[in-house]
Amino acid sequence: MRATLRIVSILYAGAIYAFIFLPVVVLVLFSLQATSFPIPPFTGPSLRWYGAVLADARLTSALVNSLVVAVLSSLAATVLGFLAAWGFARFHLPGSAFLRGLITLPLTVSYLIIGMGLLVMFNWAGVPKSLLAAGIGHVVINLPLCFAIIYSQMGDHQVNIERAARDLGAGEGTVLVLITVPVMAPALFAAFFLSMTFSWDEFVIAFLLTRFDTTLPVEIWNLLRSGLNPKTNAVGSLVFAFSIAMVLLFELVAFRRRRA
Amino acid sequence: MAAVGKDGRIIPWALVTPALAFTLVFFVLPFVAMVAVSLTTVQGGGPTFDGYAQFFQNPSYRQALVNSLQVTAIVTAVSILLAYPFAWILAEMVPPQWQRLALMLAVLPFWTSYVVRSYSWLLVLSQNGVVNQALTGSGLLAEPLPMANTRFATVTGFVHFFVMLLTLTIFANLKQLSPSYRKAAADLGAGPIRTFLYVILPLTLPGIMVGAFLTFVLAIGDYITPQILGGNNELLMPQLIMMQIGRRGDFPLASSLAIILMVVVTIAYLACARWLKIERA
């Protein structure tokens, strides 16, 4: 009985792992294809298509755009979320529960609808499509997340540290910069990092709100119109490698913090 | 906890106002604008329920909602059925020191870009793709199966994503259960199967419902997976909405359809609300 369960478990887990990894393995393997179609038989390995990606100015500029949008929108979302979380956690405000609910409301609405709403409004107000518009959209989706993460980490022991600082004569600004931000650093970092990954991968809002200058997911989408192409495999593999590097970096920083 | 000094009333509002103002201007206002636009027509004029009427009168529009609901229901059910045993194996059969690694591996493809993940499945399922070549090459099939641009491809792409997501949530759920439940069941004479059916499964049910709701909401609003993998053979709601914006520039109809989709999600939320609350208690 026990042995049968073991064997069935191993087979089942193996099958699920195979299913989960199948597309990724195919993606990376055929990014090394030497010929023009990313289908069997495998003709590589060759770095030909990675060269093609790096030589493609549209892709490299989209990559830079994506990074800029991700960093700036996450920074904005983290700062706005932190200030609001601090305000709500430390002070009694009338209607606090309702207002906190309002800030987290966008979490319940799909990206498509958020993007459409902004498109309709910008269209009506005569605001042209741009990376800035897409960045605003990314702040909309990430602000509730940042707020929720940081607000949930504002515990009572931090209140006591802040109170001690005030007793010793520190003004609100000094408390904020010298006490609250350092104490909250792990939550701020987690919020910023999560925002980065969501913005970096976001498609539909950027698709609706940008035109010529656009982000990497949208540019990859444009590549798909040419059908199956090893160049798409190559850029996809690069994005994958970049994301894995970010996750490892996060794990490393979080791990070091835990030990420190 | 009250503020210090005479500026005590100003500082708290100064802290929360930027986030509130941002949410009002870039979330609430766009939503109001979308509702207003949904009550007009491309030719202008209104207010009219023309966009909503079009949805109810046009059978192909209604079919898109039916397709969306069917695909989402299939995806939710299949994903849970695949992910639950997998999460259970990770939580129960894998030695504790390897569990973190096993789990990290199980969600690694999560970190590929969303667009790229769907494209990868297109590679796997295409006419000359890996699966078809393996099947025809080994003589199992004479002709390649048409798998790309079908509902099967859309469901496969979705299930791939949600198996990873649900494995995470169900694994966390299983690990939260105290081992004393299992010991108590064993003391009372239950075997492993009865323990699972009468103790473990009911205790993880609220967590499963939360995962099911999350799957439903994320899948029904997604445009990328059905567009890349399903193609235009069969339209789902998000595809229909994007088509109104892209090809026809029909914002009123697109807004009406988006609001109908939101209403459907809200109904699903209300249906699950009972379960979502139990989880929190």
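In which helix of chain B is B:Ala212 found? B:Ala212 is found in helix H9 of chain B, where helices (H or I, at least four residues) are DSSP runs numbered from the N terminus. The model is predicted, so that local features need pLDDT of at least 70 and side-chain atom pairs count only at pLDDT 80 or more, while totals for chains, interfaces and linings use all residues. Residues are numbered from 1 along each chain as its sequence is written, and chains are lettered from A in the order in which they are written.

B:Ala212 counts as buried because it has 21 C-beta neighbours inside 10 Å; a residue is buried if 20 or more other C-beta atoms, placed from the backbone, lie within 10 Å of its own. Leaving aside neighbours within four places in sequence, B:Ala212 is in contact with B:Thr76 and B:Ile80, contact being defined by C-beta atoms, placed from the backbone, that lie within 7 Å. B:Ser79 is 133 residues from B:Ala212 in sequence, yet the C-alpha atoms of the two are 8.8 Å apart. The buried residues of H9(B) also include B:Ile200, B:Thr204, B:Phe213 and B:Ile220. Helix H9 of chain B, residues 192-220, bends by about 45° at B:Leu205, the bend being the angle between axes fitted to the seven residues ending at a residue and the seven starting there. A proline, B:Pro206, follows within four residues.

Between the chains, 59 residues of chain B are in contact with 64 residues of chain A. On the side of chain B that touches chain A, the largest share, 17 residues, comes from H1(B). The residues of this side divide into 47 nonpolar, 11 polar and one charged; Ala, Val, Leu, Ile, Met, Phe, Trp, Tyr, Cys and Pro count as nonpolar, Asp, Glu, Lys and Arg as charged, and the others, Gly among them, as polar.

A:Ile16, A:Phe19, A:Ile20 and A:Pro23 of H1(A) make the contact with B:His160, B:Val163 and B:Met164 of H7(B). By class, this contact has six nonpolar, one polar and no charged residues.

Note on methods. Two residues are in contact if their C-beta atoms, placed from the backbone, lie within 7 Å. Helices (H or I, at least four residues) and strands (E, at least two) are DSSP runs, numbered from the N terminus. A residue is buried if 20 or more other C-beta atoms lie within 10 Å of its own, exposed if 12 or fewer, and partly exposed in between; C-beta atoms are placed from the backbone.
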